[in-house]
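Me: I'd like to go through this one and check the labels against their cut-offs. Can you take my questions as they come?

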Amino acid sequence: MMNNLFKNIKLIGLDVDGVFTDGRIYIDNNGIESKAFHTHDGYGIRQLIKVNIKVVVISGRKSEATAIRMSELGIKEVHLGCNDKKTLLIRMAKKYSIPMDSTAFIGDDIPDLEALNTVGLPVAVANAQPAIKKVAKYVTKKAGGSGAIREISDLILHP
């Protein structure tokens, strides 16, 4: 059964742009960046944290909007401007003594490929690039920024 993929997940890594968001970045005339985050995803993240599943946010971009939202959600492991997601995921799994087969990562684009190939459960959002969907063991029904994280959190919490 598909839900068996999710039952032993103890650490989940998440990309930001294209996973937490729809991939669009808004920059106003003053150079101020803003992004849209889905509240359903936020609730799912809070539920994972509540049951002690480690949540690790890893983004290649530094973004104040992202830092603020992740802080609001209570995520302790937020790594922005990280270009080696694979190594960081391995380090996080070791830090929390979690075997790699009990880790998941949700991605959408080529910079996520090595991280996806490292975890026990690689997940692609519905609107991910074809190369990402190809390596995923699960592709969400919802698109990035539209509740894909909540879809996965529900599957982890209710296998």
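Predicted model: local features only at pLDDT ≥ 70, side-chain atom pairs only at ≥ 80, totals over all residues.

Me: Why is Lys35 called buried?

Reply: Its relative accessible area is 12%, and buried means under 20%, so Lys35 qualifies. Asp17 gets the label too, with 14%.

Me: What makes Lys35 and Asp17 a salt bridge?

Reply: Their closest N and O atoms are 2.6 Å apart, and the cut-off is within 4 Å, so the pair counts. Lys35 sits in the loop between S3 and H1, and Asp17 in the loop between S1 and S2, so the contact ties together parts 18 residues apart in sequence.

Me: And what makes Glu33 and Arg61 one?

Reply: N to O is 2.8 Å there, which is within 4 Å and therefore a salt bridge. Glu33 is in strand S3 and Arg61 in the loop between S4 and H2, so parts 28 residues apart in sequence are tied together.

Me: Why is Arg61 called partly exposed?

Reply: Arg61 has a relative accessible area of 30%. Buried needs under 20% and exposed over 50%, so Arg61 falls in between.

Me: How do you know that S1 and S4 pair?

Reply: They share four bridges, in the parallel sense, and pairing takes at least two, so they pair. Lys54 in S4 is the bridge partner of Leu11.

Me: What makes S4 largely enclosed?

Reply: Five of its six residues are buried, so the rest of the structure largely encloses strand S4.

How values were computed: Residues numbered from 1 in each chain as written. Heavy atoms only, no water. Buried < 20%, exposed > 50% of the residue type's maximum accessible area, 1.4 Å probe, protein only. Helix = DSSP H or I, 4+ residues; strand = E, 2+ residues; numbered from the N terminus. Salt bridge = Lys/Arg side-chain N within 4 Å of Asp/Glu carboxyl O.
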